Amino acid sequence: MQAILHHIPVMVEEVLLYLKVKPDCVYVDGTIGQGGHSRKILSKLSSEGKLVGIDRDEEVLEHCHQEFFTSYSQLSLYHNSYHNLFKVLQSEGLNTVDGIVLDLGLSSVQLGSENRGFSFSKNSMLDMRFDRSNGKPAAQLLQKLSLKELENILKNFGEERYYKKIAYKIKQTPDLITTTDLKKIVQASTPPANRNKSFARVFQAIRIAVNKELEILDKFLNNFIECLSPNGKIVVISYHSLEDRIVKQSFKKLKQDRLLNILTKKPLQPNQDELKKNSRSRSAKLRAAERI
Ligand SMILES: C[S@@+](CC[C@H](N)C(=O)[O-])C[C@H]1O[C@@H](n2cnc3c(N)ncnc32)[C@H](O)[C@@H]1O
């Protein structure tokens, strides 16, 4: 099967509505991906405006470089993690910005890639790292984790009912190195009905662990407020209930500390039109807030 070369950005209109992009202001896209949200932000900036794009995936940045560099001098790209925002801004000579968007998770391009190990429908090495220059690939992490740690990952990050059986079989398979090896274990541990959902849950759980996704989100949320100008906006799209809960609680705490106004009482979800066009958007939840 061909790699998917296209990612449909999620809730773009809603992101723009809450960011309220002003032509000469400074914005950060902390998970620039294929640049779906960034393209819209860039189109609203004057030559005085600026967009800082960050991603952990070097391939993604190469794509953005080719796509945007000649047309948009306002864009600076950084291979980094969004939780290092403060350092990235320092390299740009900036202290604060007027808006930040995070669109968490992975892109359809990464999921469709033949050799990254994100998808259970491609046979490849079990890697799953967004940043292949850093950290342990999934296959190595699975060997290193204890049975208990692995059970917790599958249970909490994947909400997989058969987590105990799957974790046990993983620990009994020292030569587990490909997506097909992992798929076989899930196959042997789950009933056939809804097995694709078990594949998806297990792959998602392991990806979250490999990339320390929740830890990183938490670190970012503890610090981003320092980087946001008064009236600056933050918009976060999450795809997992744990992520959404972390965002919700952090915004609530910052509101209590009188640092943030919450702009979305309840998280926004894609409308019917968007769901029809892009079924991958179905789990998206958007929360937005404004620095006081
Ligand atoms: C859902 S995609 C973003 C898609 C993008 N908004 C678009 O419309 O094209 C998520 C992106 O976040 C990146 N990513 C994941 N964790 C990251 C982190 N801690 N820091 C920066 N980028 C990260 C992934 O590599 C991926 O490219």
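Mentor: A residue is near a molecule if its C-beta atom, placed from the backbone, lies within 6 Å of that molecule. Please bear in mind throughout that the model is predicted.

Trainee: Which residues come nearest to the ligand?

Mentor: There are 23 residues around the ligand, and Pro9, Thr31, Gly33, Gln34 and Gly36 come nearest. Helix α2 (36-44) and strand β2 (50-55) each supply at least two residues of this shell.

Trainee: How do the residues of the shell divide into nonpolar, polar and charged?

Mentor: The shell holds seven nonpolar, twelve polar and four charged residues. Gly counts as polar under the definition, so Gly33 and Gly36, which are among the residues that come nearest, belong to the polar group.

Trainee: What makes Met11 a buried residue?

Mentor: The cut-off for a buried residue is 20 or more other C-beta atoms within 10 Å. Met11 has 23 such atoms, and is therefore buried. Met11 is found in the segment before α1, and its phi is near 50 degrees, a positive value in a residue other than glycine.

Trainee: Why is Asn231 called exposed?

Mentor: Asn231 has 12, and so it is exposed. Asn231 also has a positive phi, near 70 degrees, in a residue other than glycine. Asn231 is found in strand β5.

Trainee: What makes β5 largely enclosed, then?

Mentor: Eight of the eleven residues of β5 are buried, so the strand is largely enclosed by the rest of the structure.

Trainee: Why are Glu67 and Glu215 called partly exposed?

Mentor: Partly exposed lies between the two cut-offs, 20 or more for buried and 12 or fewer for exposed. Glu67 has 15 C-beta neighbours inside 10 Å, and therefore counts as partly exposed. Glu215 has 13 other C-beta atoms within 10 Å, so the partly exposed label applies to Glu215 as well. Glu67 is found in helix α3, whereas Glu215 is in helix α11 (residues 213-223).

Trainee: How far apart are Glu67 and Arg39 in sequence and in space?

Mentor: Glu67 and Arg39 are 28 residues apart in sequence and 9.6 Å apart in space, C-alpha to C-alpha. Arg39 is one of the buried residues of α2, together with His37, Ser38, Ile41 and Leu42. What covers the buried residues of α2 includes α1 (12-19), β1 (26-29), β2, α3 (58-68), β3 (75-79) and β4 (97-103).

Trainee: Which other strand pairs with β7, and what makes β7 largely enclosed?

Mentor: Strand β6 (residues 260-262) pairs with β7 in the antiparallel sense over three bridges, and Leu260 has Arg291 in β7 as its bridge partner. Six of the seven residues of β7 (residues 285-291) are buried, so β7 is largely enclosed by the rest of the structure.

Trainee: Which residues of the largest nonpolar core touch the most other members?

Mentor: That core has 51 residues, and Tyr27, Ile100, Phe224, Ile234 and Val235 touch the most other members. The largest share, five residues, comes from β5. Ile100, leaving aside its neighbours within four places in sequence, is in contact with Val28, Gly30, Phe224, Leu228 and Ile234. A second, separate core of 27 residues includes Leu142, Leu154, Leu182 and Ala209.

Trainee: How is the protein chain divided into domains?

Mentor: The domain assignment gives domain 1 (12-109 + 214-291) and domain 2 (132-210). The centres of domain 1 and domain 2, taken over C-alpha atoms, are separated by 30 Å.

Conventions:
Residues are numbered from 1 along each chain as its sequence is written. This is a predicted model: local features need pLDDT of at least 70, side-chain atom pairs count only at pLDDT 80 or more; totals for chains, interfaces and linings use all residues. Domain bounds come from an automatic or database domain assignment. Helices (H or I, at least four residues) and strands (E, at least two) are DSSP runs, numbered from the N terminus. Two strands pair if DSSP finds at least two bridges between them. Two residues are in contact if their C-beta atoms, placed from the backbone, lie within 7 Å. A nonpolar core is a set of buried Ala, Val, Leu, Ile, Met, Phe, Trp, Tyr and Cys residues joined through C-beta atoms within 7 Å.
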